[in-house]
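Me: I have a multi-chain model to read. Could you walk me through the fold and the contacts, one feature at a time?

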Amino acid sequence: MNASVRSVLPVKIAPPTGSLPSREMPSAASMRMTVSKVNFFYGAKQTLFDISLGVAASKVTALIGPSGCGKSTLLRTFNRMDETVRHTRLEGDILLDGHDIHEQDVTQLRRRIGMVFQRPNPFPKSIFDNVAYGLRINGSKLALSDAVEKSLRHAALWDEVKDHLHKSAYELSGGQQQRLCIARALAVEPEVLLLDEPCSALDPISTAKIEELLVQLKDLCTIVIVTHNMQQAARVSDFTAFLLTGQLIEFSPTPYLFTTPSDPRTEAYITGRFG
Amino acid sequence: MNRRLRWRKFVSNFMLSMTGVCAFVAVSVLFFILGSLVYHGGTSINWNFFTKLPSPVGETGGGMANAIVGSAKLLLLATLFGVPIGFLGAVYLAEFSGSKVAFVVRYAADLLNGAPSIVIGIFAFSIAVHPFKHFSTLAGGFALGVMMVPITLRSTEQFLLDVPRTLREGAMALGASKWKTIATVIVPAAYRGILTAILLAFARVAGETAPLIFTALGNSYWSHGWNEPTASLPVMIWNYSISAYEDWHRQAWAAGLVLLILILVINIMARAILSRGISVPR
Amino acid sequence: MSTASTTLPSAGPVAGSRSFFSRLREGDEIARMITFVFAASVVILTVLLVFELWNGSSLARHKFGLAFFVTRVWDPVFEQFGALPFIYGTVVTSVVALVLAVPLGIGAAIFLAELAPARVSDTLQFFIDLLAAVPSVIYGLLGLFIVVPLMREYVQPALKNTLGFLPLFQGPAYGLGFLTAGIVLAIMVIPYIISVSREVLLSVPRDQREAALALGSTRWESTWKVVVPFARTGIMGSIFLALARALGETMAVSMVIGNAPTISASLFSPGDSIASIIANQFSEATGELYTQSLIELGLVLFLLTFILNGLARILILATTQRGSDMGNA
């Protein structure tokens with residue numbers, strides 16, 4: 001199986017060099033978030049079917065799949081952003097550190113689980129005020145400028161903006177704006193950071209910068225990233241989940257998913273036969 | 001949940017409810033106005049109101065027949081003056097003009113639209129009353145017509161421009177000349193919007209008082225022909241309500257009710273026509 | 001066919017490649033000329049309007065010059081005309097109107113744009129649009145017979161008792177006056193603030209609000225600290241628009257303002273506005289100077305509303321443009 005699949009793979013997804021990580025998924029105890037039999041409905045239409053997976057702490061988990069497979073929908077349930085749309089219904093359990101996210105206050109939850117969106121969406125404020133926003137509404141006791149600097153450093157943006165903190169965020173380039181949005185999300189020190197196709201509106205250089213960033217951010221928080229770019233998932237993530245029409249087809253450590261996928265549909269997707 | 005978060009949530013719920021209160025208050029004003037008019041004026045709407053002339057000061061039992069007819073005449077004149085200019089001008093803007101000319105015409109229309117109605121009254125006075133040394137229905141019709149022009153023009157232009165390219169190209173590909181295309185294809189396609197525009201302009205000027213005060217002036221009797229001053233509903237309402245006579249106050253309420261119902265009905269009709277759907281499949 | 005088609009048909013638009021005569025024959029040129037005349041007449045009307053205002057006030061302008069704007073006296077008998085009391089009245093009533101209408105209007109717009117489900121929002125907006133269609137004279141009618149007595153019997157005495165130490169709320173309570181006119185004006189301009197602000201708020205890209213919520217904001221915080229600031233230019237525009245309307249409002253104001261050209265710090269005092277004095281005195285004005293002074297007042301009003309409307313348009317355009325640009329970025 002190993003050899004025959006490898007020969008079919010396009011050259012661009014190269015098998016990882018160095019020693020391969022364990023084939024097994026981490027234990028339940030080391031999962032930061034647990035998703036259990038989640039079904040999601042938009043009106044009468046069901047868009048997620050019986051999804052169960054675990055998000056490992058301090059690792060990057062990627063959700064991949066063709067357009068419309070439900071990966072963004074699933075991501076948005078993690079921080080209850082699905083509730084901002086009318087006529088939606090969620091069944092099943094989603095746990096953060098063992099506690100049901102629907103039994104907590106949603107405002108508090110969203111501090112612990114941050115989100116970065118597909119298109120950079122900085123607020124119409126200065127760079128400083130964008131990053132400080134989350135801190136201010138929570139009445140943070142930290143000295144704001146220290147916290148802002150810390151976040152901007154983590155987002156690899158500090159050196160580029162340190163002398164221009166009071167300029168409008170809209171004067172930054174697309175890639176810089178997205179890193180600003182990451183800094184803004186990091187400022188409230190979330191335990192989990194969700195990224196919904198964060199690079200799809202950006203040029204290749206900015207994309208590369210952000211991918212580098214994500215690998216480093218693992219130490220700070222757990223990362224879940226939705227991407228339609230398989231190479232990106234292969235480069236950046238530790239675990240990858242493949243979704244198709246609302247179902248979870250396969251979920252395994254990234255190198256194994258891409259070299260020896262167990263489901264034929266996964267193989268078909270990653271070899272580019274559809275999507 | 002800590003104290004600060006509790007406070008923030010409280011503030012959030014409170015402020016959001018307050019916005020609901022604001023919306024409720026704003027909307028209920030409309031019903032309050034209608035209700036008041038019905039309450040105070042409803043009983044005074046009778047046969048007398050529609051058929052009798054105003055009675056001499058202090059006497060009861062008069063009506064507003066001349067004002068109703070006067071308003072009708074003024075509005076007819078206004079429509080005859082304002083609609084062709086607005087409509088054909090819009091056709092020019094949408095179909096024939098270059099962008100520079102279009103800019104100038106649109107800008108002029110917006111200026112006209114933004115002018116306070118009393119200023120329009122002064123304008124109409126200077127053109128249609130002063131040179132002739134007397135007030136007249138024609139002058140009043142002119143004033144109202146001038147107000148109808150920009151409303152009709154801008155809306156009609158918008159609806160004409162909204163007609164899809166494919167329709168125009170289809171007609172021209174069949175060999176239709178430009179004006180034929182406009183007359184037989186484009187205008188019919190946009191007719192709902194154009195009709196709505198005309199109705200809304202009509203409803204707008206039906207209630208205008210200021211432009212009439214020194215053009216059509218007013219009249220306690222029937223106005224004959226088009227060259228005499230004439231009474232009109234809005235001006236009667238004004239005159240009667242600032243007077244000292246109870247009976248006139250009562251009639252002012254009734255006239256207000258009639259006028260408002262007329263205007264609201266036209267507005268609702270206009271919107272219904274528009275929302276009945278676009279007349280062209282997309 | 002015709003001699004005109006000896007030129008090769010170009011690949012450009014159909015009209016451009018046919019000659020004048022072929023267009024004339026097919027009636028297009030006539031149609032163009034006719035419609036041009038009508039379009040031009042719009043411009044002619046506007047030019048004529050400005051001309052008549054300018055010309056019709058020339059006597060007054062030359063006689064009084066800039067002093068017109070600072071003279072308090074308005075005396076038809078001695079032919080002394082000053083605009084100050086009317087400018088004052090117009091400004092005071094407009095300010096009162098805005099102070100009341102802006103918070104209420106923006107609050108209602110926030111409800112309609114952020115909170116209400118689409119159907120409810122559209123229905124309520126429909127009623128607001130109908131409110132905007134109510135003529136001035138009917139607001140005046142209600143103002144005179146309902147608001148004025150209310151003010152005289154309840155509101156003004158109450159204000160005097162509580163806030164009477166302020167010069168704003170001193171003096172006899174007639175019911176008529178600056179405050180009443182301001183209140184009636186506020187009711188009249190609220191629909192404009194609501195409609196425009198609602199549109200502007202709806203055009204703010206969704207992901208602005210979502211980003212705020214995702215950072216742990218409450219709904220109010222996301223609305224007030226992110227969405228509204230994003231739309232602030234457009235909301236300013238709606239306020240300018242409302243102000244332009246308030247300045248030009250004639251009938252309702254003239255019916256409740258008291259019609260006395262006074263300048264007073266008290267809001268209970270009767271006064272007069274530019275539009276209202278023109279309405280009341282124009283048809284009885286005897287003498288050229290009298291009439292021309294009134295026309296000069298009309299010119300001032302026209303210029304003020306012209307500037308405000310222009311600013312409003314720019315501001316509103318800027319926000320809705322920015323919203324759609326962000327959405328496409």
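Reply: Gladly. Note that the model is predicted. Start with contacts inside a chain. Among those in chain B that join residues at least 6 apart in sequence, 74% link residues at least 24 apart.

Me: How does the radius of gyration of chain B stand against that of a compact globule?
Reply: Set the value against the rule for the chain length. For 282 residues, a compact globule would come near 19 Å. Chain B has 24 Å. Then look at the extents: the C-alpha trace spans about 75 × 70 × 35 Å along its principal axes.

Me: What share of chain B is buried?
Reply: Burial is a neighbour count; the cut-off is 20 or more other C-beta atoms within 10 Å. In chain B, 51% of the 282 residues are buried.

Me: Now between chains. How many residues do chain C and chain A bring to their contact?
Reply: Count each side separately. Chain C contributes 16 residues and chain A 22 residues.

Me: Which elements of chain C give two or more residues to the side that touches chain A?
Reply: Helix 8 (206-214) and helix 9 (219-230) of chain C do. Helix 8 of chain C gives the most, with six residues.

Notes: Residues numbered from 1 in each chain as written. Chains lettered and ligands numbered in written order. Predicted model: local features only at pLDDT ≥ 70, side-chain atom pairs only at ≥ 80, totals over all residues. Rg over C-alpha atoms; globule rule 2.2 N^0.38 Å. Buried ≥ 20, exposed ≤ 12 C-beta atoms within 10 Å, placed from the backbone. Contact = placed C-beta atoms within 7 Å. Helix = DSSP H or I, 4+ residues; strand = E, 2+ residues; numbered from the N terminus.
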